[in-house]
Amino acid sequence: MTEDLDAETTRLDKQYVFHSWSAQASLDLPVIAGGEGSVVWDHAGNRLLDFASQLVNVNIGHQHPAVVKAIQDQAAVLATIGPATANLTRGQAAERILSKAGDGFAKVFFTNGGADANENAIRMARLHCAERGDRGRDTVLSTYRSYHGNTGAAIVATGDWRRMPNQYARGHAHFFGPYLYRSEFWATTPEEESARALHHLERVIQSEGPATIAAILLETVPGTAGILIPPPGYLAGVRALCDRYGIVLILDEVMAGFGRTGRWFAFQGYDVVPDLITFAKGVNSGYVPVGGVVISDAISATFDERVFPGGLTYSGHPLAAASIIGSIDAMESEGIVDHARDIGSELLGPGLAALAEKHPVIGEVRGEGVFWALELVSDRETREPVGADVIGKLKKELTARGLLPFAADNRIHVVPPCVVTEDEGVRALAIYDEAFTAVEA
Ligand SMILES: Cc1ncc(COP(=O)(O)O)c(C=O)c1O
């Protein structure tokens with residue numbers, strides 16, 4: 001009977017559902033019927049360790065009772081409300097987020113997800129520049145190794161292949177960020193990579209024309225592009241360039257924020273404070289779709305007397321707001337962010353480094369918290385990336401052993417929920433070990 005439900009789910013999905021970023025005909029997707037913590041299962045009860053956190057968003061784990069209850073309680077009181085109203089739950093959600101962002105931020109604009117958070121941050125940056133008299137500043141600079149979302153400006157700000165078939169909007173230019181393992185700058189140390197990447201960025205600013213640039217949009221830690229931990233001084237250097245040339249700094253924390261790096265916001269580990277922060281995913285672990293922009297004092301003041309020409313029917317939806325409060329409070333009281341930091345430094349980091357010692361296919365391990373990438377190569381000397389065939393085989397081996405993996409290009413990203421237990425971490429490391437052995441054979 002339960003197997004029938006799995007078959008029926010697959011039939012309906014193949015027949016009626018149109019999926020993201022895919023040719024539709026050959027899709028073979030796992031059936032997920034339920035979950036708890038870091039585990040999900042199908043109707044027949046086959047369990048998988050969710051080391052993808054779905055789309056790197058279920059930071060608090062599946063079905064956290066406090067978040068589920070917060071949504072249920074809010075649904076019983078008021079399930080929806082228009083954006084042009086004052087609502088207690090919405091106000092409290094904004095207050096919670098601001099309390100985690102630290103000094104210098106005044107307000108939160110809620111969106112439906114991460115892409116429209118970036119969309120609206122870009123709009124705010126351009127209008128903020130115009131309001132202070134810089135009318136020609138339309139351009140947004142972002143890196144080639146980035147993903148910022150699937151809407152008008154956000155997809156054009158994106159650096160990876162997904163930008164090219166969607167490149168309609170004007171006002172964007174790209175540059176290379178730091179990535180020592182595959183340095184664009186012939187660097188051999190993190191310090192060199194940082195200094196040369198900053199020099200390159202300054203030359204791009206000068207060449208594009210500083211008076212045309214509204215914003216630099218950066219993922220604090222580029223996620224889908226490979227969990228590229230910024231080298232020392234890089235983000236502080238970008239901040240200094242923004243200040244020198246009058247450019248708004250937007251840090252995209254959609255994937256890196258709310259515990260993934262072992263901090264509330266990833267930027268808090270660096271000597272940098274942005275003008276705008278975009279968030280989504282981990283803010284409520286996706287229990288209800290939501291995202292938003294945390295707005296600095298100065299940019300917020302721009303719109304005190306000037307109309308902000310943007311809005312959404314579901315901006316600050318009460319079920320999303322309730323889930324944010326439930327999630328932040330539970331993360332706080334249960335020490336979930338600190339747990340993510342510790343399990344990264346004490347178990348995942350050392351465990352993955354040990355795997356790299358054993359398996360030559362792992363060219364580099366990098367990350368922090370519950371945000372790790374294994375860069376897979378066919379030759380450690382040349383750093384030639386493994387092909388899609390190896391990644392496909394590895395995904396099969398991992399899934400067959402009970403682990404739901406996250407793969408991107410030639411990499412496996414090890415991105416469990418922040419609540420992953422030590423026991424689950426140990427089990428997952430053993431599964432990765434076995435799967436690498438199987439692929440190498
Ligand atoms: C860094 C980053 N920004 C923006 C987005 C887009 O978020 P959403 O899919 O909620 O629109 C993503 C999604 O993966 C992301 O990783």
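By class, how many nonpolar, polar and charged residues does the shell around the ligand have? Keep in mind that this is a predicted model. The shell has four nonpolar, five polar and three charged residues.

Now put names to them. One run around the ligand includes Gly-113, Gly-114 and Ala-115, and Asn-118 also belongs to the shell.

Look next at the backbone. Gly-114 places a backbone N or O atom 2.8 Å from an oxygen atom of the ligand. Ala-115 does likewise: one of its backbone N or O atoms is 2.8 Å from a ligand oxygen atom. Tyr-147 has a polar backbone atom 3.4 Å from a nitrogen atom of the ligand. How much of the ligand does the protein bury? Taken alone, the ligand exposes 380 Å², and the protein buries 81% of that.

Now follow α5 to another helix. Two packed helices are described by the angle between their axes and the distance between the axes. Helix α9 covers residues 297-305. It packs with α5 at an angle of about 70 degrees, and the two axes are 10 Å apart. Angles of 65 to 115 degrees count as roughly perpendicular, so α5 and α9 are roughly perpendicular to each other. On the α5 side, Met-124, Leu-127, His-128 and Glu-131 make the contact. On the α9 side, Ala-298, Ile-299, Thr-302 and Phe-303 make it. Sorted by class, the residues of this contact are five nonpolar, two polar and one charged.

Conventions: Residues are numbered from 1 along each chain as its sequence is written. This is a predicted model: local features need pLDDT of at least 70, side-chain atom pairs count only at pLDDT 80 or more; totals for chains, interfaces and linings use all residues. Side-chain values use heavy atoms; hydrogens and water are left out. A residue is near a molecule or strand if one of its heavy atoms lies within 4 Å of it. A polar contact is a pair of N or O atoms within 3.5 Å; within protein, one must be able to donate a hydrogen and the other to accept it, and residues adjacent in sequence count only if both atoms are side-chain atoms. Accessible areas come from the Shrake-Rupley method with a 1.4 Å probe; for residues, only the protein chains shown count as cover. Ala, Val, Leu, Ile, Met, Phe, Trp, Tyr, Cys and Pro count as nonpolar, Asp, Glu, Lys and Arg as charged, and the others, Gly among them, as polar. Axes are lines fitted to C-alpha atoms, for helices over the stretch in contact, and angles run from 0 to 180 degrees between N-to-C directions. Helices (H or I, at least four residues) and strands (E, at least two) are DSSP runs, numbered from the N terminus. Angles under 35 degrees count as roughly parallel, over 145 as roughly antiparallel, 65 to 115 as roughly perpendicular and the rest as oblique. Contact means heavy atoms within 4.5 Å.
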